[in-house]
Protein chains: 2
Amino acid sequence: MPIIVVEVMPKAEILDPQGKAVAGALTRLGYTQFSAVRMGKRFELTVEGPVTAETLAAAKVIADEILSNAVIEDVVSVTELGA
Amino acid sequence: MPIIVVEVMPKAEILDPQGKAVAGALTRLGYTQFSAVRMGKRFELTVEGPVTAETLAAAKVIADEILSNAVIEDVVSVTELGA
């Protein structure tokens, strides 16, 4: 069955303590080529039947209203996997 | 500065309670075209300087050893953003 991938990241101006913790760990472990880490979410929505324009539109509404919090997060992408 | 994106998802055979909760909410709200939801993580690693083959290799090691738990999660992709 087709899968729609929704990606959500914290807004740039929002502190991301989890990402900061990972970045600190990387520096301590010697991975100094990475200066910052941000951590967000990735959802896979399994679709019943084919992915139509309407399905994708519904997924975008879901991404904006249910899967993300618009106050602190941005929806980075809503795409069909492998499309 | 360039960004490397690492995507991590729970393994298919692992229960994903957060995804299940979202799937239940979607059904209750009338979005019946989506039969399952799985929730994973998306990391953005900011790279100091250009992304070389070595940087990407280091990011893959980090993805496998630090950003994911191989017992319950799979690294889906390690790619340069926009590349």
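Modeller: B:Thr55 is buried (under 20% relative accessible area, with a 1.4 Å probe and protein chains only), since its relative accessible area is 6%. The model is a predicted one, in which local features need pLDDT of at least 70 and side-chain atom pairs pLDDT 80 or more, whereas totals for linings use all residues. Residues are numbered from 1 along each chain, chains are lettered from A in the order written, and side-chain values use heavy atoms without hydrogens or water. B:Thr55 belongs to helix α2 of chain B, residues 53-67 (a DSSP run of H or I with at least four residues; strands are E runs of at least two). Its side chain forms a polar contact of 2.8 Å with that of B:Thr52 (N or O atoms within 3.5 Å, one able to donate a hydrogen and the other to accept it). Leaving aside residues up to four places away in sequence, B:Thr55 touches B:Ile4, B:Val47 and B:Pro50 in chain B, and A:Gln33 and A:Phe34 in chain A (heavy atoms within 4.5 Å).

Turning to the open spaces, the largest pocket is lined by 23 residues, with A:Met39, A:Lys41, B:Met39, B:Gly40 and B:Lys41 nearest its centre. At least two lining residues each come from α1 (17-28) and β2 (34-47) of chain A, and from β1 (3-10) and β2 (34-47) of chain B. The second largest pocket has 18 lining residues, and A:Glu7, A:Thr79, B:Glu7, B:Ser77 and B:Thr79 lie nearest its centre. Here β1 (3-10) and β3 (73-80) of chain A, with β1 and β3 (73-80) of chain B, each supply at least two lining residues. A pocket is an open set of points on a 1 Å grid where a 1.4 Å probe fits, with protein on both sides within 12 Å along at least five of seven lines; lining residues have an atom within 4 Å of a point.

Conventions: Buried < 20%, exposed > 50% of the residue type's maximum accessible area, 1.4 Å probe, protein only.
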